Amino acid sequence: MSAFGSTDGPAQGELSRLAALHALDVLDQPRTPQLDGLARLAAFVCGTPTAVVNLIDATRQFSAAAYGCEPADVPRADAMCSTSIQSLDVSYTPDAPADPRWADNPYVNCAIDPIRLYASAPLILPGGEVIGSVCAFSGRRQELSRVQLERLRDIAEQVVLVLQLGQDADRLGHAATRDYLTGLPNRALFSQALALAMARHQRGATTPTVTFLDLDRFKAVNDTYGHAVGDELLRAVAQRLLETVRATDLLARLSGDELVVLSEVAGGEADGTPVLQWRLRDAFAEPFQLSCGELRIGASIGSATAADGDTPASLLARADAAMYELKHRRPARLR
């Protein structure tokens, strides 16, 4: 094999490499026009009928994009790119059967459409992890120029940018729908979920219930112990409630110390609201272990179940009113 530049890259920890790959969340995702376009560009630049964007996982090669072939998982032991990612530069051989590194590879010595020309540029993340490659290959012997290899490396850099942009978009989307303090869904995400639940209700598929929780004497906690402890308490409450509600329920923080649960039952199922309210109240039976010591706190809880004529706004308002009606019936010292 000849290489454009040095073939000896710095040693990389396989665990950190895999962690960086998995953090991108691109394995087993649908193909995108952006990556397929870069694979097509790689084939054009190298003058080959085929080019592929490959990601090397622990035991397999996953093709994230392809031009000139249908992408498919390949065992890592058989993947030519698994060898090429050991270099931090572009790997290139004009005739793979004559190259000892790949002479025994099943895609080189096969009887049908064997690979001869093979060029591969590594996908290098900013931290130095090589997660795969963009490779161009052909069934005939073929020479590539230095300029072509440089352009292939440029394309690999663009692939990395596309992968990172997708990760950044996911992070921004998550941040836009999550409460910064507790990590729970925020009002925007809850509103979307409630609208979808009401649409299912209108089709007769499910019956949604909204349950409001308002923490009792939360202002006193902030006044006595400070807002840092108040924030700590909110996080502890959120975690305990997440362990209390069903996996199919949506727990969200709307604002301040106001939390809400969206639950649904399918047609014919028993109304689970009383059980949910009992479990939510029981969640406050034990004190919360905080940096200031043990703190006991209760919550006022009210629910409303969707009825004919309800809208998302009216259902939310009825649950809010039910909670406040209960709260105002309680002794002032407990509110």
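User: Which residue in E7 is the bridge partner of Leu123?
Analyst: This is a predicted model, in which local features need pLDDT of at least 70 and side-chain atom pairs count only at pLDDT 80 or more, while totals for chains, interfaces and linings use all residues. Residues are numbered from 1 along each chain as its sequence is written, and side-chain values use heavy atoms, with hydrogens and water left out. Strands (E, at least two residues) and helices (H or I, at least four) are DSSP runs numbered from the N terminus, and two strands pair if DSSP finds at least two bridges between them. Strand E6 (residues 117-124) pairs with E7 in the antiparallel sense over eight bridges, and in E7 the partner of Leu123 is Gly132.

User: What phi does Gly128 have in the turn of the hairpin that E6 and E7 form?
Analyst: E6 and E7 form a hairpin with five residues between them. Gly128 lies in that turn, and its phi is positive, at about 95°.

User: How many of the nine residues of E7 are buried?
Analyst: Buried means under 20% relative accessible area, exposed means over 50%, and partly exposed lies in between, with a 1.4 Å probe and protein chains only. Strand E7 is also joined to E2 by six bridges, the two running antiparallel, with Ala51 having Ala136 as its bridge partner in E7. E7 is mostly covered, and the number of its residues that are buried is nine.

User: What volume does the largest pocket have?
Analyst: Rolling a probe the size of a water molecule over the atoms shows where empty space is left. On a 1 Å grid over the protein atoms alone, a cavity is a set of points where a 1.4 Å probe fits but cannot get out, whereas a pocket is an open set with protein on both sides within 12 Å along at least five of seven lines, and lining residues have an atom within 4 Å of a point. Grid points are joined across faces, edges and corners, and a volume is the space filled by probe spheres set on the points. For the largest pocket, this volume is about 350 Å³.

User: How many nonpolar residues does the lining of the largest pocket have?
Analyst: The largest pocket is lined by 19 residues, with Gln61, Val74, Tyr107, Ile115 and Phe137 lying nearest its centre, and strand E2 (50-56), strand E3 (60-67), helix H3 (80-84) and strand E7 (130-138) each supply at least two residues of the lining. Ala, Val, Leu, Ile, Met, Phe, Trp, Tyr, Cys and Pro count as nonpolar, Asp, Glu, Lys and Arg as charged, and the others, Gly among them, as polar. By class, the lining has three charged residues, three polar residues and, as nonpolar residues, 13.

User: Why is one side of each of strands E9 and E13 left without a neighbour in the sheet?
Analyst: Four strands form an open sheet in the order E9-E10-E8-E13, with antiparallel pairing. Strand E9 (250-255) and strand E13 (299-305) stand at the edges, so one side of each has no neighbour in the sheet, and each has a single partner strand.

User: What angle does the direction of helix H7 make with that of E9?
Analyst: Axes are lines fitted to C-alpha atoms, for helices over the stretch in contact, and angles run from 0 to 180 degrees between N-to-C directions, while contact means heavy atoms within 4.5 Å. Helix H7 (residues 227-244) packs on the sheet and touches strand E8 (206-215), E9 and E10. Its direction makes an angle with that of E9 of about 155°.

User: Is Val245 buried or exposed?
Analyst: Val245 is found in the loop between H7 and E9. Leaving aside neighbours within four places in sequence, Val245 is in contact with Val261, Leu276 and Leu280; Val261 is 16 residues away in sequence and 8.2 Å away in space, C-alpha to C-alpha. Because its relative accessibility is 9%, Val245 counts as buried.

User: What relative accessibility does Arg217 have?
Analyst: Arg217 lies in the loop between E8 and helix H6 (218-225), and it has a positive phi of about 55° although it is not a glycine. Arg217 counts as partly exposed, its relative accessibility being 45%.
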